Amino acid sequence: MFGFLKQRRQTPSGFSSSSAAEEVTAGIDGSGLVAIVTGASSGIGAETCRVLALRGVRVVMGVRTPSAGERVKEEIVKNVPAADSPHSQILRKAGQKKAEPNRHVSSMSSVKRFADNFNGLNLPLNILINNAGIAFSPFTLSDDGIELQFATNYLGHFLLTNLLLEKMKITAMESGIEGRVVIVASDSYKHTYREGIRFDKLNDASGYKGILAYGQSKLANILRSNELSCRLKEEDAKVVVNSLHPGVVATNITRHLGIIKDILSPIAKLVLRGVEQGAATVCYLALHPQVAGVTGKYFVDFNAVELKPPATDKELSKKLWDFSVSLLQ
């Protein structure tokens, strides 16, 4: 029943806003490709893992809680038996051996451990999907003293991508297949603080608003996508980077809304997109030949769209990059 009120107008890509991830990847053979998906234990991340596995991709699941990831893996294997074949793709988790409260992609030590564990698998890396996220949380600092939404949605993925980028470059060079970094952003980038990024007040509770902090983190991801794309083009690296808006999707990302979420949830299930549609543009950017060679773009419903300021500010993207590096030192 999800999304029955959405328009079904077809876009230039040949797909519509109601197209599901299975539909947009139909007929694509991902055999031999390796992908990492963060936030893989629920919502868009879990559906992305399922569809990539269905297309033959070997998927490494980045999860906060291993038991939750294991449940998703078991469900995928039940429906895609080849996903657990030793001679085909194998779904694996890399990261913590035990669940640690409040430690996930917001924890830089956890991100480093994840990257180390992945490198220990001795696998190539073709696709990196930056998906994990939280939304509208009350003001909280991460273990590293960074505002939690910024740390989770942006900085942890900034670090993870940088740690794995060399692996992606080498894989692309040796395989002749372009690498793809897919960054899940949001049209909420338009609704952030007046200054765009609160460089001087990032970790300051005064003036904090959960919805604006969420927009800030998504703006940061778009700026990162633009800047990384420029840097890779200058290197002539065979890795493309694109960001996207998945649509307003019925997932548990709004869990911090508390009773408001409980009241709106029955309505949301009727009018919002399901994860099948929410994961569609993610899977499209990860696999579809239509976007081969396309980089530094922002996609909505399978089509590149023009960004609005300050997401187009090249100086801001460079400043953010340098600021991010300084936070990680």
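Thr161 sits in helix H5, where helices (H or I, at least four residues) and strands (E, at least two) are DSSP runs numbered from the N terminus. This is a predicted model, in which local features need pLDDT of at least 70, side-chain atom pairs count only at pLDDT 80 or more, and totals for chains, interfaces and linings use all residues. Residues are numbered from 1 along each chain as its sequence is written, and side-chain values use heavy atoms, with hydrogens and water left out.

**The whole protein**

- The protein has 10 helices and eight strands.
- Of its 329 residues, 54% are buried; buried means under 20% relative accessible area, exposed over 50%, and partly exposed in between (1.4 Å probe, protein chains only).
- Take the contacts between residues at least 6 apart in sequence: 77% of them join residues at least 24 apart. Contact here means heavy atoms within 4.5 Å.
- The accessible surface comes to about 14600 Å², and carbon and sulfur atoms account for 53% of it. These areas come from the Shrake-Rupley method with a 1.4 Å probe, and for residues only the protein chains shown count as cover.

- Thr161 counts as buried because its relative accessibility is 0%.
- Not counting residues up to four places away in sequence, Thr161 touches Leu128, Asn130, Val181, Arg224 and Leu228.
- For Asn130, which is 31 residues from Thr161 along the chain, the C-alpha separation is 8.2 Å.

**How H5 packs on H6**

- Two packed helices are described by the angle between their axes and the distance between the axes.
- Helix H5 (residues 148-175) meets helix H6 (residues 210-235) at about 15 degrees, with the axes 8 Å apart. Axes are lines fitted to C-alpha atoms, for helices over the stretch in contact, and angles run from 0 to 180 degrees between N-to-C directions.
- H5 and H6 are therefore roughly parallel to each other (angles under 35 degrees count as roughly parallel, over 145 as roughly antiparallel, 65 to 115 as roughly perpendicular and the rest as oblique).
- Residues that make the contact include Phe150, Tyr154, Thr161 and Leu165 of H5, and Ala213, Tyr214, Arg224 and Leu228 of H6.
- The contact residues divide into nine nonpolar, eight polar and four charged. Ala, Val, Leu, Ile, Met, Phe, Trp, Tyr, Cys and Pro count as nonpolar, Asp, Glu, Lys and Arg as charged, and the others, Gly among them, as polar.

**Ser106, buried in a loop**

- Ser106 lies in the loop between strand E3 (92-93) and helix H4 (108-120).
- With a relative accessibility of 1%, Ser106 counts as buried.
- Leaving aside neighbours within four places in sequence, Ser106 is in contact with Ser142, Asp144, Leu148, Ala151 and Thr152.
- Ser106 and Asp144 are 38 residues apart along the chain, and their C-alpha atoms are separated by 8.2 Å.

**Backbone details to look up**

- Asp236 is not a glycine, although it has a positive phi of about 60 degrees. The residue lies in the loop between H6 and strand E6 (239-245), and Asp236 is exposed, with a relative accessible area of 52%.
- Asp301 also has a positive phi, near 50 degrees, in a residue other than glycine. Asp301 is found in the loop between strand E7 (298-300) and E8, and it is buried at 15% relative accessible area.
- From Pro309 to Pro310 the peptide bond is cis, with omega near 5 degrees. Pro310 belongs to the loop between strand E8 (303-305) and helix H10 (314-327).
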